[in-house]
Amino acid sequence: MLIKDVIKLLNLKVYSEGDNLNIEDAYTSDLLSIVIANAPKNSIWITVQKHINIVAVASLKEISAIIITEDYIPEEVIKKAKEEKIWLLGSKEDSFTASGKIFKILQDEKIHD
Amino acid sequence: MTDLHIHSTLSPCGSLEMSPKRIVERAKILGINFISITDHNAIKNSIPARNLSKKYGMGYLYGMEVQTEEEIHILTYFDNYSELLNVWNMVYEKLPDIENKPDYFGDQVILDEEENIVGFEEKLLLNSSKISLEDLCKIVQENNGIAIPAHIDSATYGIISQIGFVPHDSFFPFLEISCEHKEKKLIDELSYLKNRKFVSFSDAHYVNEIGKCYTIFELELPTIPELLMASKDLNKRKVTDIARRQT
């Protein structure tokens, strides 16, 4: 799926632009230890966690984009995401809704493949 | 022997036997000479605990176990009640206004030195304050306190379980490992922690758990500046050992 389609369909606010435009998978969790253990690469990660460690974890796991389903994102997290060229996106919806919409996009793509 | 992580009746998960009096008396019997009561986001049993500790000739630090918005448990300590109170005011103000359900979570009981009930905390304490780890560390430092991540090896509410790893630039003079874990094993698994100083405290919720594990410090006085020296091995202050009580 194209990141620009996801941004449009979920009405996301772009805080940082990443370098990967085409994303294959998605993952939802707020516990970074579990993300480190399980998140797939080249994915969108949906979380409420906004501690700066999220950017390091995304880098480590080669996660392409982070959607934060909370209103406020600290400035230092945005700065770090820009440095690491990771998409940092804000959603007004909760993690369940955002995940559901992305799940549907991925399912539809599979059907059309 | 030092045990700086003990819950009282004020923590909903703490046993109703954990009055400041019982805690201090039990610690005295065990030969523990330096304690702190660290209730979840709460401080109202601190003054009786401190007064009783003084009576029994034990060292006491004003403490609180804060749950940050990342759901990390951070132990905070201060030499003075006014400093603890400043930090608690900020933590408590940002604690969601959800009423405790004693049948489900347990009672949150405030006691005096003689175990008389002074009141009940109505807000649910077992919850995250809307304060970030960074902001908490900042206000603790501004109030001359220290912050120690609790049970960092734990699968729940530990700094590693919640945010993946201990930020390398963080101000933590010590990291607490739980009674069940071994420092060496942890460093084998996470070599980036090898230059950190570790402590172990009981996290007691029941009387028989007090001093279950403890830390032995080389200190002149039971104070924050002394602990800070021990964290840097300065002026002969140091962490001598962390141990489990033999039962």
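In this predicted model, the structure holds 1 disulfide over all chains. The bond joins Cys179(B) to Cys213(B), with an S to S distance of 2.0 Å. The torsion about this S-S bond is about -70°, so the disulfide is left-handed. Cys179(B) sits in the loop between strand E9 (175-176) and helix H7 (183-189) of chain B, while Cys213(B) belongs to strand E11 (residues 213-218) of chain B, so the pair ties together parts that are 34 residues apart in sequence. Both Cys179(B) and Cys213(B) are buried.

Cys13(B) takes part in no disulfide. The nearest cysteine sulfur to Cys13(B) is that of Cys179(B), 15 Å away. The table gives the accessibility of Cys13(B) and of Cys137(B).

| Residue | State | Relative accessible area |
|---|---|---|
| Cys13(B) | partly exposed | 27% |
| Cys137(B) | buried | 10% |

Chain B also has an open sheet of 3 strands, in the order E4-E5-E8, with antiparallel pairing. Strand E4 (62-67) and strand E8 (146-149) of chain B stand at the edges; each has a single partner strand, so one side of each is left without a neighbour in the sheet. From one strand to the next, the twist averages 25°.

E4(B) is joined by 6 bridges to strand E5 (residues 73-78) of chain B, and the two run antiparallel. Tyr62(B) has Phe78(B) in E5(B) as its bridge partner. Across E4 and E5 of chain B lies helix H3 (residues 81-93) of chain B, which runs at about 15° to E4(B).

Terms used: Residues numbered from 1 in each chain as written. Chains lettered and ligands numbered in written order. Predicted model: local features only at pLDDT ≥ 70, side-chain atom pairs only at ≥ 80, totals over all residues. Heavy atoms only, no water. Disulfide = S-S within 2.5 Å. Helix = DSSP H or I, 4+ residues; strand = E, 2+ residues; numbered from the N terminus. Buried < 20%, exposed > 50% of the residue type's maximum accessible area, 1.4 Å probe, protein only. Pairing = 2+ DSSP bridges. Axes fitted to C-alpha atoms, helices over the stretch in contact; angles between N-to-C directions. Contact = heavy atoms within 4.5 Å.
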